[in-house]
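Q: I want to learn how to read a contact between two chains. Can we work through one together?

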Number of protein chains: 2
Amino acid sequence: MIECSKCQRVESIMKAGFVRGKQRYLCKDCNYFFTLPSAQVPTKRKRHQTTIIDIARELGVSNSTVSRALHGHPDISPDTKKAILEAAIQLDYQPNQLAYSLVKSRSNTVGIIVPEFLTQFFPNVIVGAQGVLSRAGYHLMIMQSDESYETEVGNTRALLANRVDGLIVSMSHETNNYEHFQAFEKRGVPVVYFNRVCREIGTYKVVVNDYQGAFRAVEHLIANGYRRIAHLAGPRNLVISQERLRGYTEALQKYGLPVLPELTIHGDLTVEKARIYGRYLLELDHPPDAIFAVNDPTAIEILLLARAKGLRVPEQLGVVGFSDDSIAMHIGNGLTTVKQPTNLMGQTAAELILKLISEDEDTYPAETQVLETELIIRGSSVRGGR
Amino acid sequence: MIECSKCQRVESIMKAGFVRGKQRYLCKDCNYFFTLPSAQVPTKRKRHQTTIIDIARELGVSNSTVSRALHGHPDISPDTKKAILEAAIQLDYQPNQLAYSLVKSRSNTVGIIVPEFLTQFFPNVIVGAQGVLSRAGYHLMIMQSDESYETEVGNTRALLANRVDGLIVSMSHETNNYEHFQAFEKRGVPVVYFNRVCREIGTYKVVVNDYQGAFRAVEHLIANGYRRIAHLAGPRNLVISQERLRGYTEALQKYGLPVLPELTIHGDLTVEKARIYGRYLLELDHPPDAIFAVNDPTAIEILLLARAKGLRVPEQLGVVGFSDDSIAMHIGNGLTTVKQPTNLMGQTAAELILKLISEDEDTYPAETQVLETELIIRGSSVRGGR
DNA sequence: TTGTACGCGTTATCAA
DNA sequence: TTGATAACGCGTACAA
């Protein structure tokens, strides 16, 4: 059937893999590999995307020349370059980033893992990071852990397998083990932690000044005459919870108010828990006259509970949240809250990771960038003077 | 300096590239390639991730055997398999997805392009899609076009370069040219359009019944006694705008109300435009008594404008939005709105793309999945009877 | 200025 | 059951 293109024999022909979608043959006699011209090859194995080799063949030059032309290397004659670029367009060439990454061992991609997508906070951070990265020619591979440690580990594995050049991460609230992050650093892939950071690991972090934000929020409540201020806190293992709790505590202390253990309850940042613990607080024999909540969804849940119980805000109950979600402005007479610079946080993390990627050595000094918060005062906490 | 490992000569040695980060040499005499044992190689060119070849060498087997062991191929002895798996763990082996994708010409990744990230809508869709895809072993590469045609084209190019196996997309409102999407179909990469689809292109779409949602919303306003109902519409080129407008128009017609051109204004879905056009409507000599807005942010802007002008909602002005953003429940006495099954939309799109990927041929029938909406009635549109 | 010949890490085919 | 070796698409050191 098939005859050798060199010696014309038929009996010594055997199949020998595929070349660019076409069957390749080997003549055992003359030890000659060959493929048949396309007219003779009806069996199109799989669709083939045009590669630099296709361009090279089209123009009768070598693939290195094509590669040089496409990348604007200096040593190339203007004519061949022009011809190659035209052929590339004409053949609808699209570079294969996978092959590129493989040979350069660099993917031009950074990964980001966030715990959730449903509040405004993380999407805003992502938008900030995205802008900086894409301007620098990097892509962002976004993963969400869904507040699950398991999923987070899976995410890190996927990013590692895809050879991201860097990782930006805010941990799930379940996370107590950090091996999956250390795997990156072990491989020389820089990691920037933001927002949900922990003390045990990480040389590069971007956070807001949670302590000060919380301190000012509680100070503000005190200034507005609230004296029995409760705190709906976050999970104990998160630094943001700890710092906000510290701000709450020290503000009370500064103004000589007692720090009552029964007025601090640790939730898990979900609305469901907020409802349960909020109700508990409001139904105490001696209920608080204000609540400082660890985040806005929690604070909003408190507002709804208060409304359901007929409690007047801010007269009978003051409420302050944390984050300035877009709802905060609109709910009731407005929710007082500690605004975080979300977009800036993403930008900062992205800039930091870019620096770490470009530094060949790990000589970049450890760094924790602390961004400032802003207290946004609205209707939920302002009643007359003291 | 360097002597041939075979003939011990020195003069005929030349460098011949690198093997796994180590200098490789060629002895011109005996035509023998070799590398030096690691002790003799101080120059660690670049950090090296452990590969199947490392495992193979460690155990003295071939890389094919290692590959088979790692992928649970049948033809392998339990002993070697066990040894390989242990070595893999011990050497901290992480598979290289890039190399895998290159050889399989399949990335196990689908791309998704959304116009923005700042309303809840798209993040919700993404969460839905993410769940389905990750359960099927696929990753999601998320890009946002920022409502810019330019950026959208860039996004498609990036996804194409990364050889995604499929694309899920909701178009920017600037998009009027569809070549960048056709590029996918030309390469046999399936595309599923959702939400912001267009009539000119696309065989697979997932949308909600915008027409019916709008129709019911306006019908509801009419039932509540509103007679001069305006519509703050979306960009003319988007099908969602057209369909919602059609629902608005036909509902008015059904109940014998005049369709007044001056009461329909096309915006661009931004809050800024909503404010301008909303103000215009409310300051007409003969202003509307109700406004049906193309989305929730727009509707909320109307509510705020009304509040600023001292207009009572719903008595003097009825308002209905579209989407049921999480704010809608909380603002004022609640915003009546047409709820879209966002999560389901993501799931549906993901399931569809998975089907299209697995079907070898393009034999899958064209399909537009229409999901149903639900009218959520709240305080902004209910005043006594008719 | 251009071409040759690898290597990047993996899978698949075929021979042993 | 295992081992060689081509192939995926591209960049590049070195030779020509």
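**Reading the interface**

A: Begin with which surfaces meet. This is a predicted model. Of the interface residues of chain A, 98% are also interface residues in chain B, so the copies meet through the same surface.

Q: How many residues does each chain bring to the contact?

A: Chain A gives 45 residues and chain B gives 45 residues.

Q: How much area do chain A and chain B bury between them?

A: About 4600 Å². Carbon and sulfur atoms hold 53% of it. In chain A, the residues that lose the most area to chain B are A:Leu98, A:Arg163 and A:Arg187. Together they make up 16% of what that side buries.

Q: Which polar links cross the interface, and how many salt bridges are there?

A: The rule finds 4 salt bridges between chain A and chain B. One joins the side chains of A:Asp92 and B:Arg187, at 3.2 Å, N to O.

Q: Which elements of chain A supply the side that touches chain B?

A: Elements that each supply at least two residues include α4 (97-104), α5 (121-135), β5 (139-144), α6 (149-161) and α11 (296-309). By type, the residues of that side of chain A are 20 nonpolar, 16 polar and 9 charged.

Note on methods: Residues are numbered from 1 along each chain as its sequence is written. Chains are lettered from A and ligands numbered from 1 in the order in which they are written. This is a predicted model: local features need pLDDT of at least 70, side-chain atom pairs count only at pLDDT 80 or more; totals for chains, interfaces and linings use all residues. Side-chain values use heavy atoms; hydrogens and water are left out. Contact means heavy atoms within 4.5 Å. Buried area is the accessible area (1.4 Å probe) that two parts lose on being put together, summed over both. Helices (H or I, at least four residues) and strands (E, at least two) are DSSP runs, numbered from the N terminus. Ala, Val, Leu, Ile, Met, Phe, Trp, Tyr, Cys and Pro count as nonpolar, Asp, Glu, Lys and Arg as charged, and the others, Gly among them, as polar.
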